[in-house]
Amino acid sequence: MHPRDHAITTPDKPAYIMAGSGGVVTYKQLDERSNQGAHLLRATGLRAGDMVALFMHNSARFMEITWSAQRSGLYYIGVPTRLTATELNYLLRDSGAKALIYSADLEEVALAASRGLDNLARFSVDSSGLDREDFAAQRSAMPTTPITDESPGQDMLYSSGTTGAPKGIKRPRPEGAIDEPSPVTNLASALYGQDKNTIYLSPAPLYHAAPLRFCMAVHQLGGTDIIMEKFDPVQALDLIQKFQITHAQWVPTHFVRMLKLPQDVRERYDMSSLRCVYHAAAPCPIEIKRQMLEWWGPIVHEYYSSTELNGLTAATAAEWIDHPGTVGRSVIGEIKICDEHGEPVPPRTEGLVYFANGNPIEYHGDPEKTRQAYNQYGWTTVGDIGWVDEEGYLYLTDRQSFMIISGGVNIYPQEIENLLVSHPEVADVAVIGAPDPDMGERVVAVVQPVDPDADRAKLAETLQVYARANLSGYKIPRTIDFRDILPREPTGKLFKRLIRDEYRRAAQ
């Protein structure tokens, strides 16, 4: 199915509602506007296989432009809105994008990034003073009928760059008709029971893989997206009650922030409409997951995958209860845990997580990075570390790039972070390895307190005691520092590299 089909059967049904503004876009409007957008992109010179970069906040324009690109056979690149001009310029040059569409308030960065790119078309959205380049203004002058050469497009999203330069993750454009269900649409239906009656809450930026793909899946199924412009824990609870949300996707950071709300605030909202929620993006601390299951019941499911979608695992709430900490068993590909030589290891042995017989990985314009994703057996990895039990359930430990080596011992920060963030006085935490002249690296915890005015010396002592009661001695942070806020993407992903690099520079 495709939004065009729902435009015929349920033209006035909301395809999506913007949570902040309350703006509603019906299926008829989405179909017509995406047809007009496709005509505009063709008139601009873009042909099937070309790339368009979307440097946009969550807004009513985002999904219509995405569907314009999808039905034009284009690659559409979701660009994080926090990028500097230098970083955006890198993405534009690396991708070879032929058009840049940006939110009006990001114009200064967009124009600075595109200087010297003479063949790059530029459009602003939601702009009152730039009619010459305003996407909606030019789009509205185009026909509402389909372009004559429709073909399915594909996202080409970039890795976050938390561990180095972002990588463009290029997957083949689908073959066949534009209404073929995407792999994510099939997963949403098979794993989580989503259908035309789904009311789906999306609390994360649409430039990120999972929010964009699942929102588009809802449109293929004929449901309704409720899209938050920006995550706020109280607003999220209010939206669940107001719109009778049936499905929602989260990251563990969202859970932490909702659980840190006062009990009376959490109890103020009715969660009974929820049929199924699921989370991904990072391992969820066991105690946080248990609290969510106590609050929302056995409807909190989990999956593990990556933007590359080389493999995927999933765990129902019931499976997780029987296997605490797991991210599930394989759904796409076969899980293989390998040592540093790419050789498989026995169950319950930590190693790099590979997938066999999954989807291929290709990094745009970078054959060496592509080669490094494969081992000698043709299995693929994105650099996560974990282990499997005898039943095939996967448990993630950390990312290879964040491993701390202290005195020759490997330490995985994720375990320490999961413990500390479960403390009621901790809002967020990053654990990194800082240079140490004796040990090579020492474990440092950088903590964001719930109370910004807390006595930090006293809190550091409290957390040290808490860590000693729950961790082996070599894992206990040697230093606990504090920040008012940690550098996280709106998607919930922590920019740990920035913190680690800061400590490395200070040691020079």
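Asn 35 is buried in this predicted model, with a relative accessible area of 2%. Buried stands for under 20% relative accessible area, exposed for over 50%, and partly exposed for values in between (1.4 Å probe, protein chains only). Asn 35 sits in helix α2, residues 27–43. Helices (H or I, at least four residues) and strands (E, at least two) are DSSP runs, numbered from the N terminus. Beyond its neighbours within four places in sequence, Asn 35 contacts Arg 71, Pro 143, Thr 144, Thr 145, Pro 146 and Glu 150. Contact is defined as heavy atoms within 4.5 Å.

The model is predicted, so local features need pLDDT of at least 70 and side-chain atom pairs count only at pLDDT 80 or more, while totals for chains, interfaces and linings use all residues. Residues are numbered from 1 along each chain as its sequence is written, and side-chain values use heavy atoms, with hydrogens and water left out.

The chain as a whole comes next. It contains 17 helices and 25 strands. Its radius of gyration is 23 Å, close to the 23 Å that the globule rule gives for 508 residues, so the chain is as compact as a globular protein of that length. The radius is taken over C-alpha atoms, and the globule rule is 2.2 Å times the number of residues to the power 0.38. Along the principal axes, the C-alpha atoms fill a box of roughly 70 × 50 × 45 Å. Of the 508 residues, 56% count as buried. Among contacts with a separation of 6 or more, 67% involve residues 24 or more positions apart.

Helix packing was examined around α8. Helix α3 (residues 60–70) packs against α8 at an angle of about 75°, with the axes 12 Å apart. Axes are lines fitted to C-alpha atoms, for helices over the stretch in contact, and angles run from 0 to 180 degrees between N-to-C directions. The two helices α3 and α8 are therefore roughly perpendicular to each other. Angles under 35 degrees count as roughly parallel, over 145 as roughly antiparallel, 65 to 115 as roughly perpendicular, and the rest as oblique. On the α3 side, the contact involves Phe 62, Met 63, Thr 66, Trp 67 and Gln 70; α8 contributes Leu 212, Cys 215, Met 216, His 219 and Gln 220. In an α-helix there are 3.6 residues a turn, so residues three or four places apart point the same way. Helix α3 is largely enclosed by the rest of the structure, because 11 of its 11 residues are buried. Among them are Arg 61, Glu 64 and Trp 67.

Helix α7 (residues 183–192) also meets α8 (residues 209–221): the axes come within 8 Å and cross at roughly 75°. Val 184, Thr 185 and Ala 188 of α7 meet Arg 213, Phe 214, Ala 217, Gln 220 and Leu 221 of α8.

An open sheet is formed by 3 strands in the order β23-β24-β25, with mixed pairing. Two strands pair if DSSP finds at least two bridges between them. The edge strands, each pairing on one side only, are β23 (426–436) and β25 (479–482). Neighbouring strands of the sheet are turned by 30° against each other on average, direction ignored. Strands β23 and β24 run antiparallel and are joined by 10 bridges. They form a hairpin with 3 residues between them. Ala 434 has Arg 442 in β24 as its bridge partner. Strand β24 (residues 440–449) runs parallel to β25, with 4 bridges joining the two. Val 447 stands opposite Phe 482 in β25. Strand β23 is mostly covered, with 9 of its 11 residues buried. Helix α15 (residues 413–421) lies across β23 and β24, at about 145° to β23.

Gln 244, although not a glycine, has a positive phi of about 55°. It is found in the loop between α9 (233–243) and β12 (247–250). Gln 244 counts as partly exposed, at 40% relative accessibility. Leu 309, also not a glycine, has a positive phi of about 50°. Its loop lies between β14 (300–304) and β15 (312–315). Leu 309 counts as buried, at 4% relative accessibility.
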